[in-house]
Amino acid sequence: MSGLWHKIKRKWMKLRLHPIRVFCLHHVCEKFDAESMNQGDWMQIDEFKSKVLALRQRGVKFIALTEAYKHICKDWLRCKKYVVLTFDDGYASLKEILPWLEEQQIPVTLFINGKYLDGKSYRKSPKEKYLTKEELFALTSPLIEIGSHGWEHIRVTDMTDWEFRTSVEQNVSLLSTHPNYIPFWAYTYGTYTDFTENYLHNQHLVLLYVDGEKNYNDKLKLHRELLK
Ligand SMILES: [Zn+2]
């Protein structure tokens with residue numbers, strides 16, 4: 001009976017709340033570079049623009065992640081279609097797409113790994129290019145929000161609890177000096193543990209996952225999907 005009641009409640013929630021979709025992107029740029037990018041993380045600029053404009057034509061409104069979160073926490077009834085764009089990892093290729101997004105007045109959230117802002121460090125290949133600290137801190141448009149993605153791009157399941165805590169402290173202490181910092185955390189590779197969940201909640205960080213789901217009213221778990 002409780003299963004049936006749960007199903008009815010969920011259906012009722014879906015009837016009154018239009019889902020908010022949060023997309024997770026990486027590289028949106030002119031050329032794919034096999035030495036520094038994964039094919040699945042890259043989208044050609046024109047393809048991206050046409051997807052964004054097609055969403056707009058369907059009546060979708062692009063909003064900032066913090067605004068979406070307010071809706072998720074408060075809305076009892078939501079008829080509008082909202083979409084949020086987020087970019088992970090802070091690649092230098094952002095410089096190719098951010099000006100167009102600004103021109104279109106589309107807000108974005110960047111999830112950053114602090115370590116790679118030094119212009120020398122990288123995840124897998126020295127060919128990878130990231131925004132530098134100067135470039136990131138020069139992004140002060142009110143359309144841009146800066147969230148955390150860990151000090152380094154490591155799976156939380158490959159870290160000890162101590163390493164994870166240090167990674168959070170280091171990243172947050174650097175990024176929180178950015179005027180557009182928001183206390184939101186996107187897990188690397190979408191993986192997490194009970195410890196990381198508890199720790200980040202205690203740090204008052206809002207958590208985001210990449211699980212392909214849409215958002216209704218669950219403020220403890222913000223879902224993201226890939227833009228295809
Ligand atoms: Zn990432």
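Is F48 buried or exposed? F48 is buried, with a relative accessible area of 0%, where buried stands for under 20% relative accessible area, exposed for over 50% and partly exposed for what lies in between, computed with a 1.4 Å probe on protein chains only.

The model is predicted, so that local features need pLDDT of at least 70 and side-chain atom pairs count only at pLDDT 80 or more, while totals for chains, interfaces and linings use all residues. Residues are numbered from 1 along each chain as its sequence is written, and side-chain values use heavy atoms, with hydrogens and water left out.

F48 is found in helix α2, and helices (H or I, at least four residues) and strands (E, at least two) are here DSSP runs numbered from the N terminus. Not counting residues up to four places away in sequence, F48 touches L25, V28, M43, L85, F87, I97, W100, L101 and L227, with contact meaning heavy atoms within 4.5 Å.

The axes of helix α2 (residues 45-57) and α4 come within 11 Å and cross at roughly 30 degrees, the axes being lines fitted to C-alpha atoms, for helices over the stretch in contact, with angles that run from 0 to 180 degrees between N-to-C directions. That makes α2 roughly parallel to α4, because angles under 35 degrees count as roughly parallel, over 145 as roughly antiparallel, 65 to 115 as roughly perpendicular and the rest as oblique. The crossing of α2 and α4 is right-handed; a crossing has this name if the near helix is turned clockwise from the far one by less than a right angle, and is left-handed if the turn is anticlockwise. On the side of α2 the residues I45, F48, K49, V52 and L53 take part, and they meet E96, I97, W100 and L101 in α4.

H149 counts as buried at 2% relative accessibility, and H153 counts as buried at 9%.

## Salt bridges

Side chains of opposite charge can pair when their charged atoms come close. A search of the whole structure finds 8 salt bridges, each a side-chain nitrogen of Lys or Arg within 4 Å of a carboxyl oxygen of Asp or Glu. The table gives some of them.

| Pair | N to O distance |
|---|---|
| E225 and R21 | 2.9 Å |
| R224 and D88 | 2.8 Å |
| K95 and E135 | 2.7 Å |

The salt bridge of E225 and R21 links distant parts of the chain, with E225 in strand β10 (residues 222-226) and R21 in strand β1 (residues 20-25), 204 residues apart. E225 is buried, with a relative accessible area of 8%, whereas R21 is partly exposed, with 25%.

The side chains of R224 and D88 also meet in a salt bridge, which links R224 in strand β10 to D88 in strand β5 (residues 81-88), 136 residues apart. Both R224 and D88 are buried.

In the salt bridge of K95 and E135, K95 lies in helix α4 (residues 94-103) and E135 in helix α5 (residues 133-137), 40 residues apart. K95 is partly exposed, with a relative accessible area of 46%, and E135 counts as partly exposed at 26%.

The axes of α6 and helix α7 (residues 194-202) come within 11 Å and cross at roughly 35 degrees, and α6 passes α7 in a right-handed crossing. The contact is made by D161, F164, R165, V168 and E169 of α6 and by F195, T196, Y199 and L200 of α7.

H178 has its place in the loop between α6 (161-175) and β8 (181-186), and it counts as buried at 3% relative accessibility. Apart from residues up to four places away in sequence, H178 touches L136, F137, L139 and I146.

T193 has its place in the loop between β8 and α7 and is partly exposed, with a relative accessible area of 26%. Leaving aside neighbours within four places in sequence, T193 is in contact with V156 and T157.
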